Structures are given as C-alpha cells and as structure tokens.
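Welcome! Have a look at the sequence and structure below, and then we can go through a few questions together.

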Amino acid sequence: MSTRNVSAPFIQRPVMTTLVMLTILVFGLVAYRALPVNDLPTIDYPTISVSANLPGASPETMASAVATPLEQQFSSIAGIDNMSSTSSLGATSITLQFALSRDLDAAAADVQSAISKTLRSLPQGIQPPTFNRSNPADAPVMVVALTTDQMKPSALNDYAETFLAQRLSMIEGVAQVNVFGQQKYAVRIQLDPQRLATQGLGIDEVANAVSTGNVNLPSGVLMGPRQQFTVEANGQLQNAAAFRELIVAYRNGTPVRLGDVGRVIDDVQNNRVASWINGRRNIALAIQRQPGANTVAVADRVNAKLAEL
C-alpha cells in the first residue's frame, strides 16, 4: 500500500482525524500524569548486607578474623555477581549482590546457612552476624537535618526518634524513616586502675555490681480481703549522679562507691558517631519512599507535614 492511500482516509475525513488526535492527546496526558517520578527504575536488586560486631576489635582484626572467614564461606554460594566488605573499629559490613535471575529468598537462606557454618571459626565474644535485604533503588529521597542550641544532643535524639520520625513514617508514600548521627543518652563509667588496685577490686566485680544495682524487677502482689496491690520497686538508676552513689563493695566495713574508683559522667551510647552539616552537629532523618511512589509527591507531603509539625 502506498503512502498516498494510507493518508487518504485522514485527509478525506478531517473530523475523524481531529477526534483521533484529540483521543491520543487525552490518553497521553492521562498516562503522563500516572508515570512514576524516580531516578532509578523499579527493579528489585538481589542484594544482601551482612554485618558483624566485635566491640573493641581493630579494623585489621575485623578484616582478618571476621570478614575473611565469612567471605570464604559466602564465595561458595551460587549466583553472586559481586562481593565487597568494609571493616572498621569493632564492626564489619559485607555486601553480596546476586544476579538478577537469582531468587532473593533462596539467596537469603543460603546466606543464613553460610553464617551458621562460620560461627565456630569466628572469635569468641563476637555477636552473631546478622543480615538484611537491601536495594540500591531504596536510597533516601530526602534527608532532614535537626540542629539546636537549646537542647542536649540526647534530648534532640529522643525528639527526632519518638516524635518526628514516627509521624513522618505515617505519611502516604513513605516506607520508613532512618535516624543517623544518633546520640542516645547513656551513663559512661571510666574506671581508674590505680583506685581499683588500692581497693582490691577487679573490673568484673564492678560490672557485676552495676548490673545488680540497676535492675527493674517485679516485686510481687499484696493481697487483702477486698483489694490487691501490685508492688513496684523501680531500681533503675537514671543519671550519672545516681550511679556515683552505687555501692560496689565493702572494705573494712566501709562502702566503696562507684564514684570512688573512677569517673561517672552523663554521655551518649556511642560518642564516636555523629552527623554534621555546615559545621554543626545534627540528627539526620533519612526518608525512604515506598516502591512505586512518586518521589516528588512524597517530598511535597513531607515538607507539608514538617510545616504542620
């Protein structure tokens, strides 16, 4: 069929041609508005991240004694395209990327089996390695940084985790909100070896005293003829001042308190981790969208919610 014959019906019927073009235009506009907005296509990359922690171990020890045995066992798993590891002070992270044809559930089962086989060859005291499924396409679409000059870092951390993160995670299209630069409150005990030796105490004795002196256990129930009462004895210590008065042992009838054998200060759980922006400490909230959600729409909803909060 020649080109002239193909074009003839549209030339002879201008009304039909106009309606066809309008129909294509309408369907195009509808389809355009329904297109998702994202920097990467929606693909479920078969990727698994394995993490292991050994407090106090150097990066070299983590690489040789933890990462190497795990990598050797993982190398026998079928379908691995790429494997990389990163070791730092007391922590190791191994990323396993599988072929797109590999079933992620089956790969996770193989990884769990490999971890179980490696446990005996890992150093004593190490926390059992854990793994989780990750997807490069699940990178945060938005990061919110919190800074303040009027609150302690631990108080700002509690505000970010318990107030902001929970409310932002309920927004339509938001999958989860991760908190980075966490500054959770903790009491830090720095023992003085000379003071311990003077009192004839060991670190294990101090650790046991802290564990037994900072508990919150049920105390029982008082039953009467008509009523019963639950007895609550809160033995938890809330701050450094309370820990300083904790009795560690008795020497010659005199109590030796925790403050007598070292420094007890208010601090955070990990004072080696922090987040910075423009030279200021902050708590960062990384917002991840749900699969298929419109990235621009999610960011607009988050900004609107922040203005409301």
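**Exposed residues and a surface patch**

A: Let's start with Asn278, which is exposed, with a relative accessible area of 76%. Please keep in mind that this is a predicted model.

Q: Why is Asn278 called exposed?
A: The label exposed is for residues with over 50% relative accessible area. Asn278 has 76%, so it counts as exposed.

Q: Where does Asn278 lie?
A: You can find Asn278 in the loop between strand S13 (275–277) and strand S14 (280–289).

Q: What makes the phi of Asn278 worth a look?
A: Its value is positive, about 55°, although Asn278 is not a glycine. Most residues other than glycine have a negative phi.

Q: Which loop holds Asn252, and what is its phi?
A: Asn252 sits in the loop between strand S10 (247–251) and strand S11 (254–257). Its phi is near 55°, a positive value in a residue other than glycine.

Q: How do you know whether Asn252 is buried or exposed?
A: Compare its value with the cut-offs: buried means under 20%, exposed over 50%. The relative accessibility of Asn252 is 84%, so Asn252 is exposed.

Q: What makes up the nonpolar surface patch?
A: Phe10, Met16, Val20, Met21 and Ile24 form this patch of about 450 Å². Helix H2 (residues 14–34) gives the most to it, with four residues.

Q: Why is Ile24 called exposed?
A: Ile24, found in helix H2, has a relative accessibility of 54%.

Definitions and conventions: Residues are numbered from 1 along each chain as its sequence is written. This is a predicted model: local features need pLDDT of at least 70, side-chain atom pairs count only at pLDDT 80 or more; totals for chains, interfaces and linings use all residues. Side-chain values use heavy atoms; hydrogens and water are left out. Patches are made of residues with over 30% relative accessible area and no salt bridge: like charges are joined within 9 Å, nonpolar side chains (Val, Leu, Ile, Met, Phe, Trp, Tyr) within 5 Å. Accessible areas come from the Shrake-Rupley method with a 1.4 Å probe; for residues, only the protein chains shown count as cover. A salt bridge is a side-chain nitrogen of Lys or Arg within 4 Å of a carboxyl oxygen of Asp or Glu. Helices (H or I, at least four residues) and strands (E, at least two) are DSSP runs, numbered from the N terminus. Buried means under 20% relative accessible area, exposed over 50%, partly exposed in between (1.4 Å probe, protein chains only).
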